[in-house]
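Dear colleague,

I am handing over the structure below, followed by notes on what was found in it. Please read the notes alongside the model.

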Amino acid sequence: MKINKIMRNSCIAVIAAAFSLVSCTPDEVTEGNPLTQSNLDASFTSTSVQTVDGSGADVEVVSVTGSTDPNIQYHIWRVSNENGEYGNNNFGTKGGNTMQYTLDESGTYKIEHRVVGRIGGTNSVTEVIVTVALPEPPPVEEGPNLIASPNFETPSDWTVLNITAGAAWTFNEGSATISGTTGHQAIYQAIQVEAGKTYEFDMNVAGPGSANTWFEVYVSPTAPVQNNDYSAGGKRIQLNTWAGCATSAFDGLLSDEQCGEGDVSGNVITFETSQTVYFLIKCGSGDGNINSITVSNVTFHEVL
């Protein structure tokens, strides 16, 4: 009897499929598979304990345990954020019957578990809700503000440092503003600090946006000299339009508004000796436009 071409190709396909089944692993499916493993238990237990992590921060460690049924090929776990949201890219972690999560935010979390059988198929998903209530961090205690006239109440508490023409500070009611197109100018005052103590400083800055402009804060025992630039001790905190900030309207703490953090040493400082240091704010522009940057609420506190 003659076998037509279609039947011959069908037989070859069946034979090939039969050989391929020898080396394949079960696929994860949810329906329509006659080989789906049934009666798999996706339930799990969870225990949690509050502790502290390596940095001393309060966290809650949640341990979950699923079934040890030998018919389970693997487990899939996933955890939401503190708002109970898994996120579009959170597809879970494939692994064994146990998992551990360290949760560092108070909130309501969801933990989801599903199991895949050795001969294919996925059992129903089980989900539990974990409520985390971590202790509120203690407030940071600060000493008195060492800045005289933090809102420029008495302008004479601040000294203007002339560097190059084209930029100038003006003192307003409750603030000071630097404006100009080229050149730069600074204001500063002397502060007494004590050995071994840690201090933190900041200020509010606001402006409509600048071009080719730098705004920098320095803290150093080196006294400024009129008609000379100042960079003693290096930049501590800054705005810098080349780094991408202060190019459009802004209003906030300098520590929040700043950019180019890799180029500064930060607004927390400790001194090895008791001494007089100079707190200096410098701003300028090279062939650009400062437009205006307004400063208020300047603080320099000891961190207790």
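Five strands make up an open sheet in the order E8-E11-E17-E13-E14, and their pairing is antiparallel; strands here are DSSP runs of at least two residues, numbered from the N terminus, and two of them pair if DSSP finds at least two bridges between them. At the edges stand strand E8 (159-164) and strand E14 (237-240), each with a single partner strand, so one side of each is left without a neighbour in the sheet. On average, neighbouring strands of this sheet are turned by 15° against each other, direction ignored, where the axes are lines fitted to C-alpha atoms and angles run from 0 to 180 degrees between N-to-C directions. Strand E13 (residues 211-220) runs antiparallel to E14 and is joined to it by four bridges, with Asn240 in E14 as the bridge partner of Trp214.

This is a predicted model, in which local features need pLDDT of at least 70 and side-chain atom pairs count only at pLDDT 80 or more, while totals for chains, interfaces and linings use all residues. Residues are numbered from 1 along each chain as its sequence is written, and side-chain values use heavy atoms, with hydrogens and water left out.

A second open sheet has three strands in the order E1-E2-E5, again with antiparallel pairing. Strand E1 (45-52) and E5 are at its edges, each with a single partner strand, so one side of each is left without a neighbour in the sheet. The twist from one strand to the next averages 20°. Eight bridges join E1 to strand E2 (residues 58-65), the two running antiparallel, and Ser46 has Val64 in E2 as its bridge partner.

Turning to charges, a search of the whole structure finds seven salt bridges (a side-chain nitrogen of Lys or Arg within 4 Å of a carboxyl oxygen of Asp or Glu). One of them joins the side chains of Lys197 and Glu302, at 3.8 Å from N to O. This pair links distant parts of the chain, 105 residues apart, with Lys197 in the loop between strand E11 (183-193) and strand E12 (198-207) and Glu302 in strand E18 (residues 291-302).

On the surface, Asp53, Asp58, Asp104 and Glu105 gather in a patch of negative charge (residues with over 30% relative accessible area and no salt bridge, like charges being joined within 9 Å; areas come from the Shrake-Rupley method with a 1.4 Å probe). Asp104 lies in the loop between strand E5 (98-103) and strand E6 (107-117).

Best regards

Note on methods
Patches are made of residues with over 30% relative accessible area and no salt bridge: like charges are joined within 9 Å, nonpolar side chains (Val, Leu, Ile, Met, Phe, Trp, Tyr) within 5 Å. Lys and Arg count as positive and Asp and Glu as negative; His and the chain ends are not counted. The place of a charge is taken as NZ of Lys, CZ of Arg, CG of Asp or CD of Glu.
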